[in-house]
Amino acid sequence: MLIHEYQAKQLFRQYGIPVGNSKPAWTVEEAVAAAEELGSGYWSVKAQVHAGGRGKGGGIKLAHSVEEVRRHASKILGMNLVTHQTGPEGKLVRCLLIECAVDIEREFYLGIVIDRRTGRPVVMASAEGGMDIEEVAATKPEAILRESVDPAVGMRAYQGRKLAAGVGMPKEHVNGFAKIVTALYRLFDEQDASMVEINPLLITDKDKLHALDAKVNVDGSGLFRHPDVAAMRDVNEEDPIEVRAGEHGLSYVNLTGNIGCMVNGAGLAMSTMDIIKYYGGEPANFLDVGGSATTEAVTEAFKLILADERVEAVLVNIFGGIMKCDTIAAGIIEAVKEVDIKVPLVVRLEGTNVELGKQMLNDSGLALTTADSMADAAEKVVTATKTN
């Protein structure tokens, strides 16, 4: 779960990471009042959306007077901010962060993610702060230094100092940088984060270390341990279909293709998407109805898939283990009758009572196609999108 910058900075303050004085605002008048309360005479007006590249998209402006804060806030609030991370559809700006601005001497990058190769957290640092780190990784990978962390031991001070030396941190800031690295790792570990990032981490004109930006992504599976962080969720920043799926206990991820996928089990979902692509198709979603696959769950799943206007065909790929295939078939039949699907539907069942389940589908009189294998199902559904 992503949180906004102003929320991430609240967490940073709890862990002693130096950030500027700031206040969130949801209206122009609140933005003006925040600037007056902060009283620096030099502010940043920053759009709060779950996306990077806000500055390039016009979502971050500097102001040297309260009246300038008002003008920037009036322009940014309610704008559809388009960045390289939002896609062409952009994101509606509903909130601002008014922050005391600082002058910059040097910029660095600092972040922590899980290294999938080792299964351990890896701390990344670079002297190329303030830039898109993905671009740096692609064009100058040697500019990003990495320190793997043993979770049983934690981040060690010497690792922070090693990174400081590697990015050319001035010697008077080496220990301060190492403390920030250690604090950032504590936040990452204790809050069950999947990613934390400071980009850029500054040396200001006052010769101080300062986290100008803050990004925190918390693992949704760990949110039950952090009700205070869970309360920071902003559903306005999420795909409305994914939010609706979560309310019904379904796992749904919106993709860019035209073939809707309904499966039970994450592994089967990944395999289903892979084989669709193998046969030349593009999955429109990842949708896992779970192990029970009740009629209600299947019905809601169909509604979610068909809410995407790009869907030109649907593939149902269900393995009947605890839930038998005849029970699943009955659920599919009832769901299809209720939802009234108008696109080609291919169903592949496997598992306990599979022959009975297939017979029930064939005898249902519904406009659906059964398949004997994953390959058969994928080939049929891809063909359906090309002939439909």
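Which residue in the turn of the hairpin formed by strand 10 and strand 11 has a positive phi? Asp 207 does, at about 60°, and four residues lie between the two strands. Strands here are DSSP E runs of at least two residues and helices are H or I runs of at least four, numbered from the N terminus.

This is a predicted model, in which local features need pLDDT of at least 70, side-chain atom pairs count only at pLDDT 80 or more, and totals for chains, interfaces and linings use all residues. Residues are numbered from 1 along each chain as its sequence is written, and side-chain values use heavy atoms, with hydrogens and water left out.

Start with strand 10 (193-204). Eleven of its twelve residues are buried. Buried means under 20% relative accessible area, exposed means over 50%, and partly exposed lies in between (1.4 Å probe, protein chains only). Strand 10 pairs with strand 7 (residues 104-115) in the antiparallel sense, over eight bridges. To count as a pair, two strands need at least two DSSP bridges between them. Phe 108 stands opposite Leu 201 of strand 10. Leu 201 also stands opposite Ala 211 in strand 11. Strands 10 and 11 run antiparallel and are joined by three bridges. Strand 12 (residues 215-218) is antiparallel to strand 10 too, with four bridges. There, Ala 193 faces Val 218 as its opposite residue.

Strand 10 also holds Pro 200. The peptide bond from Asn 199 to Pro 200 is cis, with omega near 10°. Most peptide bonds are trans, and most residues other than glycine have a negative phi.

Now return to the turn. Asp 207 lies in the loop between strand 10 and strand 11 (209-211). Asp 207 is partly exposed, with a relative accessible area of 41%. Asn 353 also has a positive phi without being a glycine, near 60°. Asn 353 sits in the loop between strand 17 (345-351) and helix 12 (354-363). At 34% relative accessibility, Asn 353 is partly exposed.

Helix 1 comes next. Helix 1 (residues 5-14) is largely enclosed by the rest of the structure, because seven of its ten residues are buried. The buried ones are Glu 5, Tyr 6, Gln 7, Ala 8, Lys 9, Leu 11 and Phe 12. Just after helix 1, Gly 16 takes a positive phi of about 75°.
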